[in-house]
There are 2 protein chains.
Amino acid sequence: MRKLHPVSEVIEGAVAALGGLDRLPVEEAPLRLAAGRYSAEHVVSSRKLPPYPKSVVDGYAVRAEDVLPASPSSPVKLRLREELVRPGPKPAFQLGSGEAARIETGGYLPDGADAAVPVEDTVERGGSVLIYRRVARWENVSMPGEEYDEGITILERGWRIDGRRLAALALEERESVKVYALKARVLNVGDELLRESAGFPPYTHLLVEEWLRWAGFQVEETRFAGDDPEAIASWLRGGDAWLSVVMGGTSMGGHDYTVKAIESLSPRFMVHGVAVQPGKTACIAVAQDRLVAAISGLPVAALSTLELALKPLLERLGLELPRRPRVKARLARRVTVKTGLAGFARVRLEKRGGELWAVPLMVGGSGSLKSLVAAHGYIAVPEESEGFDEGEEVEVTLF
Amino acid sequence: MRKLHPVSEVIEGAVAALGGLDRLPVEEAPLRLAAGRYSAEHVVSSRKLPPYPKSVVDGYAVRAEDVLPASPSSPVKLRLREELVRPGPKPAFQLGSGEAARIETGGYLPDGADAAVPVEDTVERGGSVLIYRRVARWENVSMPGEEYDEGITILERGWRIDGRRLAALALEERESVKVYALKARVLNVGDELLRESAGFPPYTHLLVEEWLRWAGFQVEETRFAGDDPEAIASWLRGGDAWLSVVMGGTSMGGHDYTVKAIESLSPRFMVHGVAVQPGKTACIAVAQDRLVAAISGLPVAALSTLELALKPLLERLGLELPRRPRVKARLARRVTVKTGLAGFARVRLEKRGGELWAVPLMVGGSGSLKSLVAAHGYIAVPEESEGFDEGEEVEVTLF
């Protein structure tokens, strides 16, 4: 690691080496398992809803021209047909001139009818119905295509599939959808992780796995390896996951076992040293059309690299990642980051006199799980900035 | 349905009848399956990290008093011990006066040592090391509790479990956590759904199921029933899910099969008619300590009830629901809702001259899946408001 690479340079290099969405693996997902996945196809709607004119009132299907003279003082009398039109198939009969048919909300108008009169403007009498108010053509009717129409873009490649898009796919009678096969694997590196005697169990991988699931990945496995470039390289060559995340082994000064392992894959693209703080020892590489992200094993540094580098990289690739909520707040204390480094400052939010304040948590650095647990969110300090002053308005991204 | 009940009244009534978080069913979830669930316990941290003083540099563990006289021109010479301290268990030896021990970043200081000197300020020579710069007590050392400490609130009841909270639970050596057992079942009501000939497949339930999963529910089953109060009531009495969502059968005028079925359960609390637009025929009830939400079978009305009534109800109960991102935008066209009704206006977002505009989608009402698919989010119009004027700044909740 000689110099730190700006995040934008890392993103452009990795995306160029990956070759865009075209080169991502694709699989077919049944609709019930497609939520949260990214579409690998362009889907345009091909039908109309309602398919036929539909009554939006309980009342009578009529011909508008028949009831033109109707008024409260001088009703029009129509012959009542025997059928009751309920929601369901299109009625088989044709409404003749001078006829009315009982219809429920949601029922399709019979051929011949072009309006519906609400029940409150009518009186039924024997085999006929008196209409006390005229209706215009297609009044109280939902027209074909009003609820759903041909030619609507349901999905573009890279769009995240959510409930409303799933509903539209179901309406298109799709049982499955092509999605990107975004499998991920996680490796924890460190001799100390293999020893019980470290004094505490490993925990950062839970944070990383959950982040990956949030970002739409299927986490296939989490393994542990010692400080052994050969073992790490062998793990990297195995499996078929598109993304390999290695935690640990990226430090300078002889402890870069993971970096050596990645180099041994002869990656098409590789940077060691990313301008994010904390997390700057990260290593991002592309080998065999697959992405490798080697990040710190410390929780804050790991999350910082995922949020500030991996997330924008995936977005630049064309994936519509979920958005985190953001709030504006006034900064309670100055936050500084060396110019040239993107910063990841955890903050607590506090209401003070009706105003929202962001209180930076200065408790430790890369390893401070304490600051993550206590924080409500973080401020992303841009590379070109030195930070923010006390009292300045900042945008807080919520966890 | 005689009158519409304001959302706040529905929420207070239902929460009172439910009796708060205390009466929710609880289960034990293994950590790997706990993400996105709501904690049913209060968890406070009980350990320190690092557990012992830890070097944050590669170099030498020393006694600060021994190197007090050290300077670039006059180094202090210390006897070098044979051990190399690496990340892992606490060293078994004690550092004597005048001694130094090689230590890697992350290694725990041996007893006796109270500082670390970085390798760049030293020169090793035979069995000793020359220290060219003095260090203060605990310099280059991370102190116990700096990264993680006793007494931190990891979880309160009702908090949603995310990656950082999972990591903290793992560090506490927890293998599982008590969570609320929020199972949900979905029933689609409508004779027309049982007939192939409706012309299109059912689809709204996919939107509803996905919403329930987003809100932290485990969706156990989705069934279909005809317009038959007895069949609906029998389904409602079955299963052990805490939440039953029934779609359809809540309209006025004889089509309230679902409402009749709910009445037959002798619910402790029940309202039919909720002041949300669309979705006002909804029926919310509490029977046998379980919540029943009968909502429209039409997609926009269903989502409107879920977002504007069920979500705040669950929040009021004490569950920390996920937050949707919100953006401020200028309204491109007036949006009006009858006073007394909370409104759910779908909008598209457009950049116009650098400014974000929200364009209301006036295409149809309750059934307009088209408007949901085309929208970027919605504007929630408060009950007490008639809507918003053209040009007014509004808050758009993003899908």
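What covers the buried residues of helix 3 of chain A? The cover includes strand 13 (183-189), strand 14 (218-225), strand 15 (243-247) and helix 6 (299-317) of chain A, together with helix 2 of chain B.

## Basis of the model

This is a predicted model, in which local features need pLDDT of at least 70, side-chain atom pairs count only at pLDDT 80 or more, and totals for chains, interfaces and linings use all residues. Residues are numbered from 1 along each chain as its sequence is written, while chains are lettered from A and ligands numbered from 1 in the order in which they are written.

Helices (H or I, at least four residues) and strands (E, at least two) are DSSP runs, numbered from the N terminus.

## Two copies

## The contact between the chains

Chain B gives 60 residues to the contact and chain A gives 59 residues; two residues are in contact if their C-beta atoms, placed from the backbone, lie within 7 Å. On the side of chain B that touches chain A, helix 2 (163-171), helix 3 (204-214) and helix 7 (369-374) of chain B each supply at least two residues. Helix 2 of chain B makes the largest share, 8 residues.

By type, the residues on that side of chain B are 30 nonpolar, 12 polar and 18 charged. Here Ala, Val, Leu, Ile, Met, Phe, Trp, Tyr, Cys and Pro count as nonpolar, Asp, Glu, Lys and Arg as charged, and the others, Gly among them, as polar. The copies meet through the same surface, because 97% of the interface residues of chain B are also interface residues in chain A.

## Helix 3 of chain A

Helix 3 (residues 204-214) of chain A is largely enclosed by the rest of the structure, because 9 of its 11 residues are buried. A residue is buried if 20 or more other C-beta atoms, placed from the backbone, lie within 10 Å of its own, exposed if 12 or fewer, and partly exposed in between. Among the buried residues of this helix are His205(A), Glu209(A), Glu210(A) and Trp211(A). Gly216(A), with a positive phi near 100 degrees, follows helix 3 of chain A.

## Domains and core

An automatic or database domain assignment sets the domain bounds. Chain A is divided into domain 1 (7-25 + 181-317), domain 2 (54-142) and domain 3 (326-398). Between the C-alpha centres of domain 2 and domain 3 of chain A lie 64 Å.

The largest nonpolar core has 212 residues, of which Ile379(A) and Ile379(B) touch the most other members. Such a core is a set of buried Ala, Val, Leu, Ile, Met, Phe, Trp, Tyr and Cys residues joined through C-beta atoms within 7 Å. Beyond its neighbours within four places in sequence, Ile379(A) has contacts that include Val335(A), Phe388(A) and Val396(A).

## Backbone details

Leu49(A) and Pro50(A) are joined by a cis peptide bond with omega of about -10 degrees. Pro50(A) is in the loop between strand 2 (43-44) and strand 3 (54-55) of chain A.

Glu173(A), not a glycine, has a positive phi of about 60 degrees and counts as exposed, with 11 C-beta neighbours inside 10 Å.
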